Amino acid sequence: MLMTAFPITLPLEDPILKFLLILVIILAAPLLLNKLKIPYLLGLIIAGAVIGPHGLNLVLRDSSIILSGTAGLLYIMFLSGLDMDMSDFKKNSWRSLIFGLYTFCVPLGLGILAGYYILGFPIYSSILLAGLFASQTLIAYPIVSKLGISRDKAVTIAVGGTVITDTLALLLLTVIVGMATGNVDETFWWRLSASVLLSIGIILFLFPLLAHWFFKHCSDSVSQYIFVLAMVFLGAYLAHMAGLEPIIGAFLSGLALNRQIPRTSPLMNRIEFVGNAIFIPFFLIGVGMLIDYRAFFRDWESIEVALVMIALITLAKFLAAYFTQKTFRLSNDQRTVIFGLSSAHVAATLAAVMVGYNVILGHTADGEPIRLLSESVLNGTILMILATCTVSTFATQRGAHNIAMRNAQDDDKEPQEEDHILIPLANEQTAYELVCLSMTLKKAKERNGLYALNAIDNKVEDPNLEKQGRKLLDMAAQAAASADNYMQQLLRYDVNIANAIVSVVKERNISDIVMGMHHDRTPGGSGIGRMAADLLGYSNVTTFFYHPEQPLTTVKRHLVIVPEKAEKEAGFQLWMQKLRNLAENSSARIVFYAPASTMQYLRPSRGKRSSKAEYVVSDCWDDLTALTYETKRDDCLWVVMSRRDRLSYHPAMSKVPGYMEQFFAGHSFVLIYPVQAGDTDNRYL
């Protein structure tokens, strides 16, 4: 009766049923396959094969599946560029180049030999077949991202090498097809070179400027996400127009926006969430729909071609990973990750084989078309996609899991206290930026430890104050939740605001305070306001007074002014660790200004140095206004302060708040009051 009222035909045509079926697969695959120790990526591919046109024929691989799958593939490449540590990428760029040449040349050589001597293909067809061997797809990248090792050296090398080998393979495709059809002349090379350089230049140089301007002038979260998505597809289209594969443009877009989207920002969390929940699973299911098991039984030639392709591709990619391991002295697990990430063949391979299949060189005496790549190669490619995706997911899962476990053991050997950051809130306009700074200062892996406080003077009788306070706390909690962080909300009545903050510091074991800057213009005042002065007098935790003039994500440089003898203060390592977290979680550079005697304590040991940090020996405390010549647009100033009569105190510190307001009004700035030995007392401010 129900079936009569609601007739269901196969393949499904109702868009609601199709979408529901795919969502059920995306939900159930990880739950079921985790128990079987099978990577969920492989499960989605198998599910796609089962429900696809060559399986149960429940869902056709129509334009909606192709569109979502294309977005998913571009998303994978975009995330691989966005997740990359740019300082490590620059440091390892030559390693990526070497691996890219390994993973291109080894499969290319084996492919040409196999195509010409084993399969008996003509030379052009053999070279194009070898290009299929060389190309690769980062289908297993979500595994390393989920396990938190996307910034490991092996992953950086593999991702950079993938872009290089895919670019070379697709350029080879363009050249071979042109030569086979007689379309290669002198203008061909000039046109190809100019279009490639122009598209890369636009993406790498124009995209960051557009993104910086947009993020600085638009704070709406939805608009920011749509802008990023538009940049991904625009970059992909520009690459396509230049004769490259769109995945190259998506990866370059990720690199271009890398410094504009900090890894702990709410925008980054939204990008990863939507991609991992919708677009990437759709792509994997779409890959599965390509698999036709009937190709196994179609003819012996297809099986022979498939077996040769699978065996030689696996061997060639393993040799490339092995050579890379020996060249750069990597571990066995890192070699396994490189092999796993580079062994899958989907996007570029499928694009190349379809181009080669559609190029007709002539006709036989019977009228059959002579194709650059025969139907047996097309069928063999479909089988090869299934085999290489299976090898890729298992190898990447194994190597990435071992690396993640080893990293976790190393972290356990260095016990570290959890951060407890208190954010006193009183102003809606600065609440969001205070939360963003707090999330950037803590360790990225810690999702707890944030406290938002709204304090109310119990002598003031205004029923609206509590309502306004709770609204402010809700705003802060939502800002933290958008970056997948939990924030505890505190509403407190006390005799005064400073006393409320100090009480929470003691009750919650607070390690740091991040609060807005209040300017005190009264003659002879502290410059930071009476409440802030009382707070520093009664508490002794690292305190950050933040004046946000622009969004934190749009800051390009953080200039840190350090006084002499700062290293002798009790809290020196505490605020230094927060700045290390800042460097790790953001893409901005950090420039330290300090006297020579203090600079040696700021520089890390040789093995831990970061290309994000610069060190300038300077005695700028005698003339702080000279810093106006050092500051640039989109700089944020950090001034390390001290209470009066302490080791690192300098007389100029009493004038710093006034200098900031007078000479650096257009810049964001932070005043850092570190933990200092001795009793805290108002008279020391």
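**View 1. Helices α2 and α13 crossing.** Here helix α2 (residues 15-35) meets helix α13 (residues 266-290): their axes come within 11 Å and cross at roughly 95 degrees. Axes are lines fitted to C-alpha atoms, for helices over the stretch in contact, and angles run from 0 to 180 degrees between N-to-C directions. Helices are DSSP runs (H or I, at least four residues), strands are too (E, at least two), and both are numbered from the N terminus. So α2 and α13 are roughly perpendicular to each other (that word covers 65 to 115 degrees). On the α2 side, F19, I22, L23, I25 and I26 touch A277, I278, P281, F282 and I285 of α13; contact means heavy atoms within 4.5 Å. Sorted by class, that contact has ten nonpolar, no polar and no charged residues (Ala, Val, Leu, Ile, Met, Phe, Trp, Tyr, Cys and Pro count as nonpolar, Asp, Glu, Lys and Arg as charged, and the others, Gly among them, as polar).

This is a predicted model: local features need pLDDT of at least 70, side-chain atom pairs count only at pLDDT 80 or more, and totals for chains, interfaces and linings use all residues. Residues are numbered from 1 along each chain as its sequence is written, and side-chain values use heavy atoms, with hydrogens and water left out.

**View 2. A closer look at A277.** A277 sits in helix α13 and is partly exposed, with a relative accessible area of 27%. Buried means under 20%, exposed over 50%, and partly exposed in between (1.4 Å probe, protein chains only).

**View 3. K578 and its contacts.** Look for K578 in helix α22 (residues 572-585). K578 is buried, at 6% relative accessible area. Setting aside neighbours within four places in sequence, K578 touches D419, L441, D512 and F544.

**View 4. N509 in its loop.** Find N509 in the loop between α20 (497-507) and β6 (512-516). N509 isn't a glycine, yet its phi is positive, about 55 degrees. With 57% relative accessibility, N509 counts as exposed.

Methods
Angles under 35 degrees count as roughly parallel, over 145 as roughly antiparallel, 65 to 115 as roughly perpendicular and the rest as oblique.
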